[in-house]
Amino acid sequence: LVEGRATRVGWDFGDGSILTNQSLLNTSHVWTNAGIHNVSFTAFNTDFPNGISTNLQIQVLPLVAPTILPPVFDATSISLSFQGQPGVSYWVDQATNLVPPVEWKAWRGLYSTGQVMQVIDSAATNDMQFYRIRVP
C-alpha cells in the first residue's frame with residue numbers, strides 16, 4: 001500500500017522511450033514496432049524516494065492496410081465496406097478529383113472492434129467522388 005501524493009513519476013514504455021515527471025492522467029505513447037513491450041510506471045514521494053513500481057505487458061499488433069470491398073450502389077447512395085482491425089481508428093476521406101494537388105476532405109471517423117466496417121454516402125450523386133481509408 002502506497003500512501004501520499006507522488007512528487008515525481010516515471011514511465012518506461014519498453015521500447016527505449018522513458019518519460020519522467022509526466023502527468024498521471026495525460027500520458028500517451030505510440031509504439032512504432034509490433035511486438036510485446038514491457039511497460040513500467042514508477043511513483044516517487046518522500047516516503048518512497050526509490051519509488052514504487054508496477055508493470056504490465058502491451059502487445060502491439062502490426063497495422064494491416066484495409067482493403068475496400070466492391071462498393072454497392074443504389075439510386076442515391078454508395079456503400080463502402082472493409083475489414084476493420086480491432087482497436088484501430090480509421091478516417092474515410094473524400095475528394096472530387098484526383099488531379100494534383102488532390103484536396104482530400106475528412107468525411108467519416110470510425111473505430112473498429114474487428115468487425116466489417118461500413119460507411120454509406122447517402123448523398124451520392126452522379127458527380128465524381130473518390131474515397132480513401134486512412135489511419136490517423
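**A colleague's note on an all-strand model**

1. Let's start at one residue, Pro-71. Beyond its neighbours within four places in sequence, Pro-71 touches Ile-78, Ser-79 and Leu-80. Please keep in mind as you read that the model is predicted.

2. Three strands form an open sheet in the order β5-β6-β9, and their pairing is antiparallel. The edge positions belong to β5 (72-73) and β9 (116-121); each has a single partner strand, so one side of each lacks a neighbour in the sheet. As background, strands of a sheet are held in pairs through backbone hydrogen bonds, in a parallel or an antiparallel sense.

3. How many bridges link β6 and β9? There are six, joining strand β6 (residues 78-83) to β9 in the antiparallel sense.

4. Now step back to the whole protein. Its elements, read from the N terminus on, run β-β-β-β-β-β-β-β-β-β; that makes ten strands and zero helices. The radius of gyration is 22 Å, well over the 14 Å that the globule rule gives for 136 residues, so the protein is more spread out than a compact globule. Along its principal axes, the C-alpha trace spans about 70 × 25 × 25 Å.

5. What about burial and contacts? Of the 136 residues in the protein, 26% are buried. Among contacts with a separation of 6 or more, 53% are between residues 24 or more positions apart.

6. Last, the surface and the charges. The protein has an accessible surface of about 9600 Å², and carbon and sulfur atoms contribute 55% of that area. Its side chains include 6 positive and 9 negative ones, with 5 Å between the centres of the two sets.

Notes: Residues numbered from 1 in each chain as written. Predicted model: local features only at pLDDT ≥ 70, side-chain atom pairs only at ≥ 80, totals over all residues. Heavy atoms only, no water. Helix = DSSP H or I, 4+ residues; strand = E, 2+ residues; numbered from the N terminus. Rg over C-alpha atoms; globule rule 2.2 N^0.38 Å. Buried < 20%, exposed > 50% of the residue type's maximum accessible area, 1.4 Å probe, protein only. Contact = heavy atoms within 4.5 Å. Areas by Shrake-Rupley, 256 points an atom, 1.4 Å probe, with all protein chains shown as cover. Lys, Arg positive; Asp, Glu negative; His and termini not counted. Charge placed at Lys NZ, Arg CZ, Asp CG, Glu CD. Pairing = 2+ DSSP bridges.
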